Amino acid sequence: MAWDLKSDRPIYSQLVEQIQLMVVSGIYAAGCKLPSVRDMAAEASVNPNTMQRALSKLESDGLLYSQRTSGRFVTEDVQRIMQTKNDLAADLINDFIQKMNRLGFDREQTVSLLNRMIKEEGQNG
Amino acid sequence: MLGKLLKYEFKATARTFLPIYGLILVLAIINKLFWNQSIDNFEIPRMISMSVYIMLIVAAFVITLVVTIQRFNKNLLGDEGYLSFTLPVKAHYHIDSKMIVTLIWSALSIIVSAVSVFIMVVNPEVLTQFSRMCADLAEVYRQYGLSAHLIAIEIIILIILGFLSNIVEIYAAIVVGNLAGRHKLLAGIGAYLGFGIVEQIVTSLLFSGFNRQIEEYFQSFHYSNNLFPAEPAEVALLVMILYTAVFGVAFYFFTNWMLTRKLNLE
Amino acid sequence: MDSILECRSLVKYFPGCLALNSVNLTVPKGRIVGLLGPNGSGKSTLIKLANGLLTPNAGQILVGGMAPGVETKKIVSYLPERTYLNDWMSVQTMIDYFGDFYENFNKSKAYDMLQRLHINPGDRLKTMSKGTKEKVQLILVMSREAQLYILDEPIGGVDPAARDYILDTIIGNYSENATVLISTHLITDVEKVLDDVIFINMGNIVLTSTVDDIREKEGKSVDSLFREVFKC
């Protein structure tokens, strides 16, 4: 997966989001060992200090854990990963509803519009 | 660190000098062979090989001067200076290494030229003459005893010192010339001439100031039994050594000060 | 003592030009720092002072707590803007040269990087293109286990594809706990690898900040902020 970093937001928070995405989408599966900070930083072409900071944040959130000798791993707690997945989904939906609101759709209109589009897509596809 | 600098300074310059030395010696042998042929109509090849030989000897000395200037200029004041001056080495080691290497190449150029002449002219007659000359010299040497040693040592010191002092004078001129924004070469030559004039002035001031003392000193000796007294020669050489040393040291410190304090690489 | 580079009321002037106007600056250890400023802002002067290629007129510049000299040159690895390689040497001789003079030079690392770039160590520098020479130079500089890397316009002369390679080489090879000071005007390309930025203009430090602070507070990239600050 390619790292996609925008230039107008802190790199650190973008790294946190993208690693979360990699974990919930299974690129880094539960219990899987992560590459070294330096390698990950080189892959994303970012500063190792920033990558370190992002990983530490994810560690304190409980999505990752590190073992002193053998490196850093994705949590084996599938529940925790699902929770992150749900959190990300909730964020996306909230964002979507807010934007629809600005367009003048209230919640119910938004939901019915969404239903209709999904149905149409099903017929076309 | 000086040793390492010397090593690379030799490597950088040997590429130029060794081939020329080789050619000079080869040409000397060819000249020798051509002369020994008693074939008619051999004048033209003889002339050609002789002129090539002379050109090479001249080239060896010109190149010694050019390499002296070019190594200092390029390796310290050009782009390479960014590396030279960020090596963990005191700046004066750069001057030392370049000076020593130039001295050695100059000496080698003289030795190689002498050897090549020797190759060309050597035959039994020349050898006897040469050994007779050596014997004469040894005789004079014996007569003067300890003074002869002293004078010989003084002459060697004076030659080496004169050489080194000339080299640092060139370096000092290059550094001064480098301060000029444009026409650095011209400014450098100007600085060199300027230094020469300053030396001349100092020399003539000293001579006119101490004229009488000098005359009196030399007249105080008796020139008898066809052996010149050694003392005035010893003293004169010593004064010249000191004089050369003072200028050499001044140029050395000046160059070092400029390199460490006033240098601004482009 | 956790600063690697420190300037105290540092002043440097040239005939008719004040290059650094009483600069106070502290660069901590273990950071990648961008020294950003327009042409003629004093970047190069600051870098030359840190490398002992110039001497200050007033104030102090300290590298690892010491005034520039033989000891600081041992711990600073410097990539100047121009190619400073001795062109009569082969790459191999150049590596020996670095190995002879710098105790912290890692030869096997240098050969490793050369091999990855398919540069033949036996080749003479004279026969190389400018781009290859710059790569060799970067390899030499990054193969030192230094405490402070000072890189002057490391991506200035190369195409965008090579820029990424160079930045990757820098972040992949600087030794741990070392500080990397990168001077450049190509901010977009480097800002994602920087921890901190220093804006310098007309011999004055205009701003020092972390990259993420700028993005967080200003909501814009360092590049856009730079364009704003140095608007003509």
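Of the contacts in chain A with a separation of 6 or more, 55% are made by residues 24 or more positions apart, two residues being in contact if their C-beta atoms, placed from the backbone, lie within 7 Å. The model is predicted, so that local features need pLDDT of at least 70 and side-chain atom pairs count only at pLDDT 80 or more, whereas totals for chains, interfaces and linings use all residues. Residues are numbered from 1 along each chain as its sequence is written, and chains are lettered from A and ligands numbered from 1 in the order in which they are written.

Chain A contains five helices and two strands, where helices (H or I, at least four residues) and strands (E, at least two) are DSSP runs numbered from the N terminus. Along the sequence, these elements follow the pattern α-α-α-β-β-α-α. Taken along the principal axes, the box filled by the C-alpha atoms of chain A is roughly 55 × 35 × 30 Å. Of the 125 residues in chain A, 21% are buried. A residue is classed as buried if 20 or more other C-beta atoms lie within 10 Å of its own, as exposed if 12 or fewer do, and as partly exposed in between, with C-beta atoms placed from the backbone.

Gly71(A) is located in strand E2 (residues 71-74) of chain A. Gly71(A) counts as exposed because it has 12 C-beta neighbours inside 10 Å. When residues up to four places away in sequence are not counted, Gly71(A) touches Lys33(A), Leu34(A), Ser36(A) and Ser66(A). Val16(A) lies 55 residues from Gly71(A) along the chain, and the C-alpha atoms of Val16(A) and Gly71(A) are separated by 18 Å.

In chain B, the packing of several helices was examined. Two packed helices are described by the angle between their axes and the distance between the axes. Axes are lines fitted to C-alpha atoms, for helices over the stretch in contact, and angles run from 0 to 180 degrees between N-to-C directions. Helix H1 (residues 2-36) of chain B packs against helix H2 (residues 43-77) of chain B at an angle of about 160 degrees, with the axes 9 Å apart. H1(B) and H2(B) are therefore roughly antiparallel to each other; angles under 35 degrees count as roughly parallel, over 145 as roughly antiparallel, 65 to 115 as roughly perpendicular and the rest as oblique. The crossing of H1(B) with H2(B) is left-handed, a term used if the near helix is turned anticlockwise from the far one by less than a right angle, and right-handed if clockwise. The contact of H1(B) with H2(B) has 19 nonpolar, four polar and two charged residues. In this classification, Ala, Val, Leu, Ile, Met, Phe, Trp, Tyr, Cys and Pro count as nonpolar, Asp, Glu, Lys and Arg as charged, and the others, Gly among them, as polar.

H2(B) also packs with helix H6 (residues 146-179) of chain B, at an angle of about 45 degrees and with the axes 10 Å apart. This angle makes H2(B) oblique to H6(B). The crossing of H2(B) with H6(B) is right-handed. Thr68(B), Ile69(B), Phe72(B), Asn73(B) and Leu77(B) of H2(B) make the contact with Ile167(B), Ile170(B), Tyr171(B), Ile174(B) and Asn178(B) of H6(B). By class, seven residues of this contact are nonpolar, three are polar and none is charged.

The axes of H6(B) and helix H7 (residues 184-209) of chain B come within 7 Å and cross at roughly 135 degrees. H6(B) and H7(B) are therefore oblique to each other, and H6(B) passes H7(B) in a right-handed crossing. Among the residues of H6(B) that meet H7(B) are Glu169(B), Ile170(B) and Ile174(B), while those of H7(B) include Lys184(B), Tyr192(B) and Phe195(B). The contact of H6(B) with H7(B) comprises 10 nonpolar, three polar and two charged residues.

Between chains, two pairs touch, and the most contacts are between chains A and C. Here 19 residues of chain C are in contact with 16 residues of chain A. Helix H6 (160-173) and helix H8 (211-218) of chain C each supply at least two residues of the side that touches chain A, and H6(C) gives the most, with five residues. This side of chain C has six nonpolar, three polar and 10 charged residues.

No contact joins chain A and chain B, and their closest C-alpha atoms lie 27 Å apart.
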